[in-house]
Amino acid sequence: MRASLSLRWALGPCRAISSTFAGSQQFKPSLHRVQPASHSAFHHNLFGSCVSRLTRAYATSSSAPSPVPVVPYSSLTVGVPREIFPNERRVAITPQNVALLRKKGFSRVLVERGAGEAAQLLDQEYEKAGATLVDQATVWTESNIILKVRGPQQDAAFNEVEALNPGSTVISFLYPAQNKSLVEKIASRGATTFAMDMVPRISRAQVFDALR
């Protein structure tokens with residue numbers, strides 16, 4: 001109720017603009033006539049009052065959007081688990097990418113031991129780039145952001161969906177239209193997913209492009 005009353009109060013000047021000048025010959029478009037300064041100033045002040053009132057109404061309204069919390073990179077841990085999908089030989093990031101993330105300021109990059117073996121990327125290379133080698137459970141329980149190739153697996157011996165931390169984010173291929181139940185289960189865990197396969201194939205998004 002408070003929100004609707006506040007907005008009704010705020011919209012008063014907006015309605016006044018249309019009703020005050022409706023039918024006024026002086027404010028009809030004309031190529032040869034200049035509007036009187038007094039009317040122009042009045043119109044400007046009235047419109048400014050409308051904007052000001054709307055701003056204050058939204059600021060005090062219970063329906064005003066909450067500010068998005070900002071989390072510094074230094075407070076975030078990135079995790080890279082070993083892919084457990086049958087015959088998947090890829091790994092989400094290379095040692096060079098680990099070095100870039102550390103340079104950006106991420107506190108830790110956790111890489112599961114053996115995550116890059118099938119792609120001929122050794123654990124020692126990840127360690128040299130600044131990664132911390134951990135076991136399978138740790139990479140899931142201690143990471144704020146999970147980087148994967150395949151979406152979280154729930155039918156394997158280790159259930160990756162159940163291992164997700166509430167509030168964490170998974171970035172991977174997901175194909176949500178074909179995996180609705182998986183998306184719903186991830187949501188039920190309080191986690192967020194970023195589906196790489198849903199990034200539009202446009203020039204502006206090429207920086208996010210990935211081989212499927």
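Modeller: Happy to! Let us start with helix H3, residues 95-104, where Pro95, Val98 and Leu101 are buried.

Colleague: What makes Pro95, Val98 and Leu101 count as buried?

Modeller: The cut-off is under 20% relative accessible area. Pro95, Val98 and Leu101 are classed as buried, so each of them falls under that value in this predicted model.

Colleague: How do you know which side of H3 they are on?

Modeller: Pro95, Val98 and Leu101 of H3 are buried, and they cover an arc of only 110° around the axis, which puts them on the same side of H3.

Colleague: What covers the buried residues of H3?

Modeller: The cover includes strand S1 (77-80), strand S2 (108-112), helix H4 (123-129) and strand S4 (145-147).

Colleague: On to the largest pocket. Which elements give two or more residues to its lining?

Modeller: The largest pocket holds about 1,000 Å³ of space. Those elements are H3, S4 and strand S5 (169-172), and H3 has the largest share, with 4 residues. Of the 27 lining residues, Ala92, Ile93, Leu147, Ile171 and Met196 lie nearest the centre.

Colleague: How many residues of that lining are nonpolar, polar and charged?

Modeller: The lining of the largest pocket has 20 nonpolar, 3 polar and 4 charged residues. Leu147 and Met196 are among the residues nearest its centre, and Leu and Met count as nonpolar.

Colleague: What about the second largest pocket: how much space lies in it?

Modeller: About 360 Å³. It is lined by 19 residues, and Phe85, Gly151, Gln153, Asn179 and Leu182 are the closest to its centre. The lining divides into 10 nonpolar, 5 polar and 4 charged residues.

Colleague: Last one: what share of the whole chain is buried?

Modeller: Buried residues make up 33% of the 212 residues, in a chain with 6 helices and 6 strands.

Technical notes
Residues are numbered from 1 along each chain as its sequence is written. This is a predicted model: local features need pLDDT of at least 70, side-chain atom pairs count only at pLDDT 80 or more; totals for chains, interfaces and linings use all residues. Side-chain values use heavy atoms; hydrogens and water are left out. Buried means under 20% relative accessible area, exposed over 50%, partly exposed in between (1.4 Å probe, protein chains only). The arc is that of the directions from the helix axis to the C-beta atoms. Contact means heavy atoms within 4.5 Å. On a 1 Å grid over the protein atoms alone, a cavity is a set of points where a 1.4 Å probe fits but cannot get out, and a pocket is an open set with protein on both sides within 12 Å along at least five of seven lines; lining residues have an atom within 4 Å of a point. Grid points are joined across faces, edges and corners, and a volume is the space filled by probe spheres set on the points.
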